[in-house]
Amino acid sequence: MSDLSRKVVLVTGAARGIGAAISTSCEAAGAEVIGVDRDPCGGIVADLAEPDAPGRVMEKAIAEAGRVDGLVNAAGITTRASFVDADMARFDALVAVNFRAPFFLMSGLIRHLKGRGAPGSIVNIQSMNAHCGVPDLAIYAGTKGGLQTLTKNAAHHHMVDRIRVNGINLGWVATETEAALHAAEKGPDWLEAQGRAQPLGRFITAEECAAQAVWMLSDASAPMTGTCVDLEQWVAGAPPC
């Protein structure tokens with residue numbers, strides 16, 4: 001059973017989409033959830049693009065709840081840029097939110113847990129693009145590849161501290177944000193129609209991702225650490241169908 005009773009979990013990107021689904025599922029599993037987003041989410045409002053935001057967020061969460069036992073880095077931006085049209089502004093923005101912020105949130109929680117002598121669990125929401133990435137997501141792919149490496153690095157070095165760190169590599173997920181992305185151009189039902197062309201006849205849902213995140217946070221997945229699960233309908237390395 002994925003039981004999170006008596007655990008305090010910090011979830012970034014909690015205002016919508018995958019982060020919101022994970023927050024709801026963690027609460028259903030018994031956790032006290034502290035949501036973080038730059039938009040109102042019933043928790044901490046913070047722009048993780050700001051250099052000091054991760055430290056402020058972790059400090060405020062610990063002050064409000066008394067402790068933090070788990071972290072889900074779900075916040076991220078998918079600004080498109082390839083090697084031929086990238087600029088410094090997009091590069092810096094993607095690195096700040098997708099790589100720097102998770103690093104320092106992980107750092108803050110690890111230091112907090114070690115100070116308490118307590119176990120904990122971190123789940124990083126990564127991307128199938130970490131394996132290589134499509135051309136116009138070159139910078140994004142790099143940030144997610146970096147996050148995957150951080151997941152394994154932290155898992156290896158803090159196993160002795162009973163701190164587990166795992167990741168989920170997502171592909172195309174059906175969310176409200178994704179549905180609205182091209183609605184004006186392709187019509188309101190474009191995402192559902194696109195989903196029917198997938199092997200499952202639909203896209204992976206935010207709730208399916210959330211179920212995996214809750215399991216990874218819970219003691220049910222122990223002692224697993226350093227694992228990055230591909231949650232997508234194509235298998236990395238498989239030949240074309």
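This is a predicted model: local features need pLDDT of at least 70, side-chain atom pairs count only at pLDDT 80 or more; totals for chains, interfaces and linings use all residues.
Residues are numbered from 1 along each chain as its sequence is written, and side-chain values use heavy atoms, with hydrogens and water left out.

Let's start with empty space. Rolling a probe the size of a water molecule over the atoms shows where such space is left. The search runs on a 1 Å grid over the protein atoms alone: a cavity is a set of points where a 1.4 Å probe fits but cannot get out, and a pocket is an open set with protein on both sides within 12 Å along at least five of seven lines. Lining residues are those with an atom within 4 Å of a point. Points are joined across faces, edges and corners, and a volume is the space filled by probe spheres set on the points.

The largest pocket has a volume of about 1,500 Å³. It is lined by 46 residues, and those closest to its centre are Gly 76, Ile 77, Thr 78, Tyr 140 and Glu 178. Which elements give two or more residues to that lining? They are H1, strand E2 (32–37), strand E5 (120–127), helix H4 (138–158) and helix H5 (176–181); helices (H or I, at least four residues) and strands (E, at least two) are DSSP runs, numbered from the N terminus. By class, the lining has 21 nonpolar, 16 polar and nine charged residues. In that scheme Ala, Val, Leu, Ile, Met, Phe, Trp, Tyr, Cys and Pro are nonpolar, Asp, Glu, Lys and Arg are charged, and the others, Gly among them, are polar.

The second largest pocket holds about 250 Å³. Of its 15 lining residues, Lys 7, Pro 119, Gly 120, Ser 121 and Asp 219 are closest to the centre. This lining divides into six nonpolar, three polar and six charged residues.

Helix H3 (residues 88–116) gives the largest share of its lining, four residues. Seven of the lining residues are nonpolar, two are polar and none is charged.

Now back to H1, one of the elements lining the largest pocket. Helix H1 (residues 17–28) has twelve residues and reaches 17 Å from its first C-alpha to its last, close to the 16 Å expected at 1.5 Å a residue; the expected span is 1.5 Å times one less than the number of residues. Ile 18, Gly 19, Ala 21, Ile 22, Ser 23 and Cys 26 are buried in H1, where buried means under 20% relative accessible area, exposed over 50%, and partly exposed in between (1.4 Å probe, protein chains only). Just after H1, Gly 30 takes a positive phi of about 105 degrees.

On to the aromatics. The structure holds three aromatic pairs: rings of Phe, Tyr and Trp (its six-membered ring) pair if their centres lie within 6.5 Å, and planes under 30 degrees apart are stacked, over 60 edge-to-face and the rest tilted. Trp 172 and Trp 190 have ring centres 6.2 Å apart and planes at 45 degrees, so this pair is tilted. Trp 172 sits in the loop between strand E6 (163–170) and strand E7 (173–174), and Trp 190 in helix H7 (residues 190–195), so the pair ties together parts 18 residues apart in sequence. Trp 172 is partly exposed at 30% relative accessible area, whereas Trp 190 is buried at 7%.

Trp 172 also pairs with Phe 203, again tilted, at 4.5 Å centre to centre and 50 degrees between the planes. Phe 203 is buried, with 5% relative accessibility. Together, Trp 172, Trp 190 and Phe 203 form one aromatic cluster.

Finally, some backbone details. The peptide bond from Ala 222 to Pro 223 is cis, with omega near 5 degrees. Pro 223 lies in the loop between helix H8 (206–217) and strand E9 (228–231). Arg 6 has a positive phi near 65 degrees and is exposed, with a relative accessible area of 70%. Arg 162 also has a positive phi, near 65 degrees, and is partly exposed at 48%.
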